[in-house]
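Subject: Structure for you to look at

Hi,

Here is the structure I promised to pass on. Have a look at it first, and then read my notes below.

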Amino acid sequence: MTEEAKGVWVYLQTEKDELTKDSLEVLAAARKVADKVRQEVVGILLGNGVEGAAKQAVSHGADGVLFVDSPEFGTYFNLRYIDAIYAMVMARKPYAFLFAANELGKDLAARIAFRAVTGLATDNVQLEVEDYSNPVLGDFKNLLIQIRPDFGTRLARIYTPRHRPQMATVRPGNFAPLPPDPKRKGKIERFDFKGGDYPAMVKEILELPPSPVDLAGADVVISLGLGILKDGSGRPRNPKEAYEYAVQLKQALETKRGLKTEIGATRALIYAEVKELDGLIDKSNQVGQTGTTVAPKLYFAVGISGALQHRVGMQKSAKIVAVNTDPEAPIFKIAHYPIVGDLYVELPKLIKTVQGATIAN
Amino acid sequence: MLIIVLLKGVPARTTQVAQVGGVLNREAMDLVLNPHDLKAVEAADFLKKRVGGKAVALTMGPDMKLIPLMKPLYESEVLGVDEEYVLSDRKMAGSDTLATSYAVSLGVKKLVERHLHALDLLAETISRAGYSDLVRAKAAELYSSNLLPNRIYSELPTVGDSLVDRYLAGSLTPAAALAELAEEKERLSRFVVLTGIKTTDGETGSVGPQVAEGVSELLGKVVPHATYVEDFDVAPGGTSLTSDRRIGRLVQKLVMQLPSLLTISTEYRPREPGPFSQPEVRRNNYRGKVYRAVKWTSDDLWADPKRLGLAGSPTIVGAGIDIGKPPVQKTVGESLVFLKTSGLVGFEGKNYGPYQRGDLATNLPELLVSRLQADGFLGPFSYEMLAGELFP
């Protein structure tokens, strides 16, 4: 039964009739998987007026798009969407089905997986295809290897050997969207679906103002952790000073180096609700598993020990500079440029360096 | 209103995680209650204040570990939970989210059925025993087991018009009493399930929506769910909820018929209960708290063993892998690097290099290193060199 399942499906999210960045990333992830198993990438698209987005999906790597297009799909409503997607899964039986690991993707994927009686691996940061042998269950060829942060170890491989589709959500920020290729051809196909009545309805949708902090779009991210509460000798220090250094560093990077810079923070620092940082950092600054995943050209980790939950949100950064007093801090395992020392001593040097001044170490 | 709060015991410390073949061994670890689930307890408190009823905590895992953990929940927030249930069975060990959600859905179904059954028992007694004292005795027994709300039977002096009181006083015919009990069954079927947005161990966030699906399957009717609920309220009469749930930069206002399941966001702050009818709340409340947690095994749930534990789990957790170390690591002020470009260096009959400025001095004989240092070829990696590499 698992042999017959064909097709790497991607649930496509749109915003103002265009595919979201998260969806383009999942398309890229699906393309990688599909090429390895020699199958097609099929975009799953639900909405009202989806033609443009369907073409966009093909140009970004889909071999086909299966869509439902009707006014009742104009607004996201989980029960109706789940019914439609489940009907598609039952009709076509895909090999794998990928969703973005955001609120919407997770809302859909979990309930569909239960109804389809299959596994769901969430928050994957990598996807591979490998053969898998299990002493009890036997050998499986060309399995989707779902790699996600794991509590016990560091990253864990998750296998769904006996059930199809192999369902997974993909964490934003881990796959680069494929460049659009307008010459690509794909089969765009309507799926007929009639929804029923539901014991719930969407009454209203409010749009929140865009976050003032664009972590995902920054060239450089300077992130602060709990380490800023103390100096190198362990004495309490006003963390606002560290924040102000970060602002100076940001200004130097922007004015002297032309790099768009944002200030980030660890979950631990944000949830510590430090009085001195009130109004300066909040959840919109959070980098990590429960915040934003970033992959900038340059990442500064200041006073961050590097818990796994933080590392999975920034480990794809091209260059990582880490400042910490503890030479054993896990952040140093992944930093390209460790700076072991008191951040209140080292940050001013870093700022001067960025400004172009020569300083003694 | 029957308010069911789903909670999970999670490892207290990441350093002390015990695993057996990729599956967490919860019996071998110190557990704490998943902090996200405490938001669901706050939401349950709000509902109890607003409409009355009872809050029941439901968890799954080793009962010896979980029962002590859940004890403080009786006292938590303003009102706390009234009853606690633990699904505990070796057959459930190693469950992934699908198998967990199946077992928890069975637990939810059993909780609802237990209360419906109590109403059936009372209806049966009324049909059989007419106006005799047997009715009061049966009602008192069910009430003391915390299975009847004050509106049906009450020992509170402030509730003088319970169904049983009115019936035994002769102001209700048996048919009218049975009709009211049928109404109460309808009311009971409009329950609410609350849980956290995710757990701090698995972090999947899947179990909430999957329990909504599981309960839908088991009850044969669609149970809506909303995840990341930041605010909600209940309509008068307790027939529906309005909930504000977050999706990216959008907030959706949903109207949901009951039963429904909500996962409560960390951003949730309970509303003020507002002007509400205290007598009505009291009539919806039950006798009180039952301080002894109840354990249910898979047999108690009539579970299909093929859907439990490892057998019922489609996913398998493989070996952990390390996040890669960067290929080259240069520590500022420490790593010895070439300060200038150097051609081949001959030393004791061997050639080394050539080297570019900034290359690490690795795998060089100690004596050569000190000579190169003395000649100014080698030195610690400086801030200036860092700038050169960061901004080429």
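**What I found**

Buried residues make up 46% of the 392 residues in chain B. A residue is called buried if 20 or more other C-beta atoms lie within 10 Å of its own, exposed if 12 or fewer, and partly exposed in between, with C-beta atoms placed from the backbone. Keep in mind that this is a predicted model, where local features need pLDDT of at least 70, side-chain atom pairs count only at pLDDT 80 or more, and totals for chains, interfaces and linings use all residues. Residues are numbered from 1 along each chain as its sequence is written, while chains are lettered from A and ligands numbered from 1 in the order in which they are written.

**Chain B on its own**

Chain B has 10 helices and 18 strands; these are DSSP runs numbered from the N terminus, helices being H or I with at least four residues and strands E with at least two. Its C-alpha atoms fill a box of roughly 115 × 45 × 35 Å along the principal axes. The radius of gyration of chain B is 31 Å, whereas a compact globule of 392 residues would have one near 21 Å (taken over C-alpha atoms; the globule rule is 2.2 Å times the number of residues to the power 0.38).

**Where the chains meet**

In the contact between the chains, 61 residues of chain B touch 66 residues of chain A. Two residues are in contact if their C-beta atoms, placed from the backbone, lie within 7 Å. On the chain B side, strand S11 (250-257) is one of the elements that give two or more residues, and S11(B) provides the largest share, 8 residues. That side divides into 28 nonpolar, 21 polar and 12 charged residues. Here Ala, Val, Leu, Ile, Met, Phe, Trp, Tyr, Cys and Pro count as nonpolar, Asp, Glu, Lys and Arg as charged, and the others, Gly among them, as polar.

S11(B) also runs antiparallel to strand S13 (residues 200-207) of chain A, joined by 7 bridges. Strands pair if DSSP finds at least two bridges between them. In this pair, Ile205(A) stands opposite Gln252(B).

**A strand with two partners**

How many of the 5 residues of strand S10 (residues 155-159) of chain A are buried? The count is 5 of the 5, so S10(A) is largely enclosed by the rest of the structure. Leu155(A), Arg157(A) and Tyr159(A) point one way, Ala156(A) and Ile158(A) the other. Within chain A, strand S9 (residues 138-149) runs antiparallel to S10(A) over 4 bridges, with Gln146(A) partnered by Ile158(A). S10(A) also pairs with S14(B), again antiparallel and over 4 bridges, and there Ala156(A) has Gly320(B) as its bridge partner.

**The nonpolar cores**

A nonpolar core is a set of buried Ala, Val, Leu, Ile, Met, Phe, Trp, Tyr and Cys residues joined through C-beta atoms within 7 Å. The largest core has 137 residues, and Leu98(A), Ile3(B), Ile4(B), Val5(B), Val56(B) and Ala103(B) touch the most other members. H3(B) gives the most to this core, with 9 residues. Apart from it lies another core of 59 residues, including Ile263(A) and Leu269(A).

Enjoy exploring!
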